[in-house]
Amino acid sequence: MLVVKIKGGLGNQMFEYAVARKLQMTYQLDKIGLDLSIIGNDSIRDYGLDCFQLSDNVEIIENRNKIVRMQEMLAKKLVSYFVAGIHEATAKKREDILASVFALFGIIQRDHSCFKEKRFLKFHNNLYMNGWFQEANMLVPIREQLLKDFTWKTDRECNEDIYQQIIHSNAVCVHIRRGDYVNNPIFDVCKDSYYYNAMKYMTSIVQNPIFYVFSDSISQVEDEMEFPYPVVYVREQHEDYEDLYLMKHCRHFIMSNSTFSWWAQFLGEAEDKVVVAPAKWCLDADMDVGVYMKEWILLEEE
């Protein structure tokens with residue numbers, strides 16, 4: 001079994017599951033165990049993967065066995081002693097060095113560096129996975145499987161009028177992440193000029209685009225931003241998975257620097273989709289970013 005700690009918002013949870021699914025398939029492990037001990041104590045975020053079909057070989061871990069508890073304890077100690085609280089560039093180097101040590105004990109720990117598979121992992125029947133996993137290159141080969149796993153369980157529960165408009169138009173999803181990104185030490189809010197330039201670019205290559213604006217601060221966006229083109233604000237309050245359902249049915253995408261944006265475009269199935277993304281994903285230039293895809297159009301902020 002591969003046990004993965006689930007944490008963060010829906011976009012991060014989907015990355016954690018997806019990377020675990022890739023490793024489960026690679027090492028032919030029987031099951032994926034979802035450890036909800038962190039998300040269960042999160043006062044802001046809720047467990048969100050229960051809206052998806054997922055694999056039949058997935059279960060919620062109620063009681064961690066002795067091996068998992070030992071792996072978790074070892075990972076915490078090594079991170080505490082060698083990685084936590086130091087400059088990003090140094091933390092990344094140390095985490096890369098420790099990756100082989102972690103793998104020796106069946107541990108996959110990633111907070112600062114991009115994931116690199118280590119040969120020791122294949123000798124373990126029980127793997128423990130913790131950290132932040134945003135690895136586009138790992139997921140592209142299993143995209144068809146992930147499209148099945150991330151099928152919604154029930155019929156859509158969203159604005160039917162907006163849904164019908166989206167699927168019958170040349171819809172462009174414009175996702176504006178604010179909320180917890182304001183004054184965030186790691187991520188910054190994309191500037192208004194980025195979105196305006198992205199819309200200008202989109203109109204130059206897409207015929208008759210209709211821009212659908214999604215945001216976690218939709219009222220603020222509507223009051224403060226002056227878009228150069230007509231837009232449709234998705235104002236109705238939805239659960240995050242309902243917004244994601246609408247977003248992924250758009251044909252094209254103007255992303256924010258958000259995993260939620262990332263999953264909308266990854267799940268989008270239009271063969272001719274155009275994806276515009278910010279060239280800068282986070283504030284710290286030393287931080288490894290594994291989300292970029294070769295098909296994207298990257299725009300610098302002015």
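Two strands are counted as paired if DSSP finds at least two bridges between them. The legends below apply to a predicted model.

Figure 1. Strand 10 and strand 11 (residues 297-299) are joined by 3 bridges in the parallel sense. Within this pairing, A277 stands opposite L298 of strand 11.

**Figure 2. An aromatic pair between helix 1 and helix 10.** The whole structure contains 17 aromatic pairs. In one of them, the ring centres of F15 and W262 are 4.6 Å apart and the planes meet at 45 degrees, so the pair is tilted. F15 lies in helix 1 (residues 10-27) and W262 in helix 10, so that the pair links distant parts of the chain, 247 residues apart. F15 has a relative accessible area of 0% and is therefore buried. W262 is likewise buried, with a relative accessible area of 0%.

**Figure 3. The neighbouring rings of W262 and W263, and the cluster around them.** The ring centres of W262 and W263 lie 4.9 Å apart, and because their planes stand at 75 degrees, over the cut-off of 60, the pair counts as edge-to-face. Both W262 and W263 are buried. Ring pairs connect these two residues with others in a cluster whose members are F15, Y17, F52, F150, W152, Y163, Y245, W262, W263 and F266.

**Figure 4. The second largest pocket and its lining.** This pocket holds about 310 Å³ of space. The lining is formed by 17 residues, of which R143, G268, A270, K273 and E295 are the closest to the pocket centre. Helix 5 (143-149) and helix 10 each supply at least two residues of the lining. Helix 5 gives the most, with 3 residues. By class, the lining of the second largest pocket comprises 9 nonpolar, 2 polar and 6 charged residues.

Note on methods:
Residues are numbered from 1 along each chain as its sequence is written. This is a predicted model: local features need pLDDT of at least 70, side-chain atom pairs count only at pLDDT 80 or more; totals for chains, interfaces and linings use all residues. Side-chain values use heavy atoms; hydrogens and water are left out. Helices (H or I, at least four residues) and strands (E, at least two) are DSSP runs, numbered from the N terminus. On a 1 Å grid over the protein atoms alone, a cavity is a set of points where a 1.4 Å probe fits but cannot get out, and a pocket is an open set with protein on both sides within 12 Å along at least five of seven lines; lining residues have an atom within 4 Å of a point. Grid points are joined across faces, edges and corners, and a volume is the space filled by probe spheres set on the points. Ala, Val, Leu, Ile, Met, Phe, Trp, Tyr, Cys and Pro count as nonpolar, Asp, Glu, Lys and Arg as charged, and the others, Gly among them, as polar. Rings of Phe, Tyr and Trp (its six-membered ring) pair if their centres lie within 6.5 Å; planes under 30 degrees apart count as stacked, over 60 as edge-to-face and the rest as tilted. Buried means under 20% relative accessible area, exposed over 50%, partly exposed in between (1.4 Å probe, protein chains only).
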